[in-house]
Amino acid sequence: MTLNRRLFLSTGAAAAASLAAPAVLAQGAGKPRVVVIGGGPGGATAARYIAKDSKGGIAVTLVEPSRTYFTCFFSNLYLGGFKEMEDLGHTYGTLAAKYRINVVHDWAIEVDRDTKTVRLASGETLPYDKLILSPGIDFVDGAVEGWSLATQNAMPHAYKAGSQTELLKAQIAAMPEGGIFAMVAPPNPFRCPPGPYERISMVAHTLRETNPTAKIIIADPKSKFSKMGLFQEGWADLYPGMIDWIGQDFGGGNVSVDADAMTLTIDGETTKVDVCNVIPAMKAGHIAEMAGVADGNWVPINPADMSSKADPDIYVLGDSADQGDMPKSGFAANSQAKVCANAVRGALTGSKVFPAKFSNTCWSLIDTDNGVKVGATYEATDEKIAKVDGFISETGENSALRKATYEESEGWYAGIVADMFS
Amino acid sequence: MRARPFHATLAACVAANVLWGGTAWCQTGDAKEGAKIFSQCSGCHEIGQGARDRIGPHLNGIFGRPAAAHDGFDYSKSMARAGSDGLTWTVETLDAYIENPRALVSKTRMSFRGLDDPQDRVNLMAYLRNYSDDPSNIPEAEPTARGTDHDLAPEILALVGDAEYGEYLSSECLSCHMADGSAQGIPSITRWPTEDFVVAMHAYKAGLRPHPVMQMMAGRLSDEEIAALAAYFKDLD
């Protein structure tokens with residue numbers, strides 16, 4: 001039925017406008033309904049573009065538990081003292097007021113694909129014609145021996161921005177002179193590939209000012225990481241002797257923690273640490289699993305429109321999706337949201353559907369006015385989202401270029417949050 | 001204040017005493033040096049005889065003119081508001097604007113991070129000052145290098161962009177560039193003359209303009225797609 005309807009509607013915009021109504025009346029409502037779960041760079045962007053571009057022709061509901069959304073991107077800059085927490089917080093008032101999006105601050109706890117409804121923690125249900133899931137990440141149970149959500153206050157992940165990030169910053173500030181900051185880095189794939197290493201840079205920046213004899217240990221299950229050459233060059237120049245990265249070859253993946261004793265054991269060797277930032281292995285946000293669209297840790301999608309392989313009426317954006325060559329980043333989710341919004345609008349109203357184009361750029365800050373970036377463009381192939389072209393900052397760049405790159409990242413931040421929330 | 005003729009040099013003592021709290025800082029601008037600095041401006045602004053509005057307004061007669069008062073140029077809302085609030089271009093206000101455009105006019109479309117060096121600013125103002133006394137004082141020379149000097153094929157420039165397609169494509173640009181046209185670390189791209197937009201994008205595509213992100217983004221846009229984007233951003237408000 002769905003496929004037929006989509007083909008039928010795409011035959012012409014004028015015909016589609018008059019034919020959309022019967023298709024929708026069958027669903028028992030005045031206009032087509034889109035429910036979006038998750039109000040981050042994927043969900044907020046998709047909701048905004050669908051509502052904006054359909055000019056009221058599609059009823060959009062956005063389900064997001066937080067009234068204030070704190071961006072994960074730039075949260076490392078808060079740890080480094082470059083941003084305040086308020087700088088990272090954004091609210092949904094404009095989406096409601098300007099685009100008439102029905103913003104529901106609640107948890108989605110169940111998706112019934114047969115009746116096409118979403119159940120909320122409050123007990124309400126929301127019917128949908130198209131459902132967009134953009135729930136971000138959850139952590140894989142038992143990924144780091146000794147760590148669980150019950151111990152996350154002793155050993156914060158700070159990988160969903162907000163109270164965890166503030167907690168981690170407070171713990172860094174309370175470190176004794178010459179103390180040890182440890183990080184357990186995650187295995188691939190994970191949200192924000194340069195994120196852990198930008199965080200190390202920002203922690204080192206803070207410690208160099210406040211606690212210069214402190215040490216940083218990273219236990220990493222990988223043998224290489226995003227922007228590795230750039231970060232390692234920066235660490236050696238700017239924070240000499242402070243940072244010890246223990247990769248896979250040196251047992252960095254063989255790790256356990258004890259939150260009561262505040263110890264980290266790497267390949268059998270136990271160290272008492274003062275702060276332990278555990279970033280466990282990740283998987284799609286739990287609602288994707290509950291909707292039955294995940295396969296393993298992630299959700300397989302059709303690259304042309306971001307619809308899930310398991311259900312053509314459910315689309316999955318950002319971190320939760322198996323994104324092929326794209327990294328799990330806010331920029332990527334925002335990029336995918338626009339492709340998805342265009343496709344969903346086309347399917348529901350017969351508007352013109354243009355071919356998918358994806359892009360991503362990730363900026364990282366190594367020290368004051370010392371920014372680097374990596375980026376690529378992507379296209380939809382039958383198999384996956386495939387890389388077309390890319391670039392990365394170079395080692396040995398001059399300070400003016402690094403400063404310009406940092407300023408550009410601030411411009412991007414202003415741009416993407418406007419693209420999500422304004 | 002209405003500017004008086006200074007010819008080739010500009011004494012900035014009065015301005016400086018206001019701006020720097022009365023310190024004994026006094027500089028004289030060198031218009032020849034200012035002409036070199038103007039190369040940072042000439043991608044968007046023309047000055048001299050026959051100068052036209054491009055991405056930015058032409059700068060003939062800038063001294064003494066209220067902000068956003070030049071007829072026929074489509075200013076940002078922010079600049080228009082500054083003008084109606086009474087901002088007039090004088091040595092003092094231009095100095096502040098050139099030092100940090102966004103500090104003076106927060107959502108200006110002028111994509112320029114500013115000149116830190118006070119001497120550079122005074123030199124630049126001395127140069128601008130040569131074109132400000134009255135029309136008879138404007139030298140009989142061609143305008144400085146136009147932003148649109150190029151060898152792009154006329155048929156590429158003649159393409160009429162599909163603004164609806166441009167709107168879809170624009171969503172990719174708006175991950176970084178502000179839809180309201182403000183420049184907050186990434187340049188403004190709204191309301192450019194079509195020719196300038198097309199020329200700039202093709203220069204990125206050809207690798208002539210040096211920015212890796214823009215070279216990559218422009219690199220996969222077809223001539224029609226560039227025209228579509230130019231058409232869409234031309235009227236975005």
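Strands β23(A) and β24 (residues 370-380) of chain A run antiparallel and are joined by 9 bridges. They belong to an open sheet of 3 strands in chain A, in the order β23-β24-β25. As the model is predicted, local features rest on residues with pLDDT of at least 70.

**The sheet in chain A**

- Pairing in this sheet is antiparallel.
- β23 (358-367) and β25 (385-392) of chain A are the edge strands; each has a single partner strand, so one side of each lacks a neighbour in the sheet.
- Direction ignored, neighbouring strands of the sheet are turned by 20 degrees against each other on average.
- Within the pairing of β23(A) with β24(A), A:Ser364 has A:Val372 in β24(A) as its bridge partner.
- Helix α9 (residues 228-238) of chain A packs on the sheet and touches β23 and β24 of chain A. The direction of this helix makes about 10 degrees with that of β23(A).
- Helix α12 (residues 399-421) of chain A also packs on the sheet, touching β23 and β24 of chain A. Its direction makes about 55 degrees with that of β24(A).

**Helix pair α3 and α11 in chain A**

- Two packed helices are described by the angle between their axes and the distance between the axes.
- For helix α3 (residues 43-54) and helix α11 (residues 330-349) of chain A, the axes come within 8 Å and cross at roughly 40 degrees.
- Angles under 35 degrees count as roughly parallel and those from 65 to 115 as roughly perpendicular; α3(A) and α11(A) are therefore oblique to each other.
- The crossing of α3(A) with α11(A) is right-handed.
- On the α3(A) side, the contact is made by A:Thr45, A:Ala46, A:Tyr49, A:Ile50, A:Asp53 and A:Ser54.
- Residues of α11(A) in this contact include A:Asn334, A:Ala337, A:Cys340, A:Val344 and A:Arg345.
- By class, the residues of the contact of α3(A) with α11(A) are 7 nonpolar, 4 polar and 3 charged.

**Helix pair α9 and α11 in chain B**

- Helix α9 (residues 194-205) and helix α11 (residues 223-234) of chain B have axes that come within 9 Å and cross at roughly 140 degrees.
- Angles over 145 degrees count as roughly antiparallel; α9(B) and α11(B) are therefore oblique to each other.
- α9(B) and α11(B) cross in a right-handed sense.
- α9(B) contributes B:Thr194, B:Phe197, B:Val198, B:Met201 and B:His202 to the contact.
- From α11(B), the contact takes in B:Ile226, B:Ala227, B:Ala230, B:Ala231, B:Phe233 and B:Lys234.
- The residues of this contact divide into 8 nonpolar, 2 polar and 1 charged.

**Chain B as a whole**

- Chain B holds 11 helices and 2 strands, arranged along the sequence as β-α-β-α-α-α-α-α-α-α-α-α-α.
- Of the 237 residues in chain B, 43% are buried.
- Among contacts in chain B between residues at least 6 apart in sequence, 67% join residues at least 24 apart.

How values were computed:
Residues numbered from 1 in each chain as written. Chains lettered and ligands numbered in written order. Predicted model: local features only at pLDDT ≥ 70, side-chain atom pairs only at ≥ 80, totals over all residues. Helix = DSSP H or I, 4+ residues; strand = E, 2+ residues; numbered from the N terminus. Buried ≥ 20, exposed ≤ 12 C-beta atoms within 10 Å, placed from the backbone. Contact = placed C-beta atoms within 7 Å. Axes fitted to C-alpha atoms, helices over the stretch in contact; angles between N-to-C directions. Left-handed = near helix turned anticlockwise from the far one by under 90°. Nonpolar A, V, L, I, M, F, W, Y, C, P; charged D, E, K, R; others polar. Pairing = 2+ DSSP bridges.
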